[in-house]
Amino acid sequence: MNMERSEFILGGQKSGKSRRAEMLASAWLNAAPDHRAVLIATAQPWDDEMRERIARHQLDRAQRVPGMATVEEPLALGAALRQHSAPHTLVVVDCLTLWLTNQLMPADPTQAASADGLQAACHTVCGAVEAARGPVVLVGNEIGLGVIPMGREVRAFVDALGQLNQAVAAACDRVTLMAAGLPLVLKGAA
C-alpha cells in the first residue's frame, strides 16, 4: 500500500474508513522496526451506546493494529497533531466529524465554538497537517450527499462539515472516498 505524506479518508457510516486507516497504520508499522503509530481519538462517551461503540472500536483496533497507541483528544486536535507528529510516527485522526461535533455541540452549549473560533480551529488543524514531520491519516464522514436536512442546526452542521472536508482535502496529498469498503482515490496517486 503506497503511503502518502498525508491522506484524508472520507465516506459514509460503515463505509470502511477506519478499516483503511488501520490498514495504512499496520503497513507503516510493518515497514520498519523504528516506525510508530498513534491514533488521536476524538469521540466522547456521551451515552451508553457511544461508550459501547468506543469500547468495540478499541477492542477491534487492538486486534488489527496491536502496535498503535491511542491518545484521546476531543477538542485541541491541532495541538495534538503537532505534539505527536514525528518523522517515524504515523498519526491517525479518527474522526474529524466527531471533532467538529465537539466544537459545535458540546455538552455545555455555552462552550460551542463561534464561527470565527471554528474557522481558527479548522485553520490550526490544516496547518498542523501541512507542517507534520511524519505521515498523517485523517478520517471523516461525507454526509452531504443526501437530501437537504430540514432543521436549521442540522443544515448548519452539514455546511460546516462540508467546509471542513474541503479545507482538509486541500491540505492533504491524497484524498480517498470509501464506499462499500472500496477505496476511490479522488486526489493523489492511487
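In this predicted model, the sulfur of Cys126 sits 6.7 Å from the closest cysteine sulfur, which belongs to Cys122, and that is too far for a bond. A disulfide, after all, is a covalent bond between the sulfur atoms of two cysteines, and the cut-off used here is 2.5 Å between the sulfurs. Cys172 doesn't pair up either: the nearest cysteine sulfur is that of Cys126, 7.6 Å away. The disulfide count by this rule is therefore zero. Both cysteines are tucked away from solvent, though. Cys126 is buried at a relative accessible area of 9%, and Cys172 is buried too, at 1% relative accessibility.

Asp173 is partly exposed, with 30% relative accessible area. Leaving aside residues up to four places away in sequence, Asp173 touches Glu4, Arg5 and Ser6, plus Lys187 and Gly188. One of these contacts is polar: the side chains of Asp173 and Arg5 meet at 3.2 Å. Trp99, by comparison, is 74 residues from Asp173 in sequence and 21 Å from it in space, going C-alpha to C-alpha.

Trp99 itself belongs to α4, where it is one of the buried residues, along with Leu96, Thr97, Leu100, Asn102 and Gln103. What covers this buried set? The cover includes the strands β1 (6-11), β4 (89-94) and β5 (136-141), as well as the helices α3 (77-84), α5 (115-131) and α6 (152-171).

Helix α4 also turns up in the surroundings of α2. The buried residues of α2 pack against α4 (96-104), α1 (17-31) and the strands β2 (36-41) and β3 (68-72). Helix α2 itself covers residues 48-64, so to speak a run of 17 residues, and reaches 24 Å from its first C-alpha to its last, close to the 24 Å expected at 1.5 Å a residue. Which residues of α2 are buried? They are Met50, Ile54 and Arg61, and these cover an arc of only 40° around the axis, which puts them on the same side of the helix. On the face turned away from the buried side, α2 carries the exposed residues Asp48, Glu52, Leu59 and Gln63. At the N-terminal end, α2 is capped by Asp47, with a side-chain oxygen 3.3 Å from the backbone nitrogen of Glu49.

Now for the overall picture. The protein has six helices and seven strands, and from the N terminus on they follow the order β-α-β-α-β-α-β-α-α-β-α-β-β. The radius of gyration comes out at 16 Å, close to the 16 Å that the globule rule gives for 190 residues, so the protein is as compact as a globular protein of that length. Along its principal axes, the C-alpha trace spans about 50 × 35 × 35 Å. Of the 190 residues, 44% count as buried. As for how the chain connects to itself, take the contacts between residues at least 6 apart in sequence: 74% of them join residues at least 24 apart.

Conventions
Residues are numbered from 1 along each chain as its sequence is written. This is a predicted model: local features need pLDDT of at least 70, side-chain atom pairs count only at pLDDT 80 or more; totals for chains, interfaces and linings use all residues. Side-chain values use heavy atoms; hydrogens and water are left out. Helices (H or I, at least four residues) and strands (E, at least two) are DSSP runs, numbered from the N terminus. The expected span of a helix is 1.5 Å times one less than its number of residues. Buried means under 20% relative accessible area, exposed over 50%, partly exposed in between (1.4 Å probe, protein chains only). The arc is that of the directions from the helix axis to the C-beta atoms. Contact means heavy atoms within 4.5 Å. A polar contact is a pair of N or O atoms within 3.5 Å; within protein, one must be able to donate a hydrogen and the other to accept it, and residues adjacent in sequence count only if both atoms are side-chain atoms. The radius of gyration is taken over C-alpha atoms; the globule rule is 2.2 Å times the number of residues to the power 0.38.
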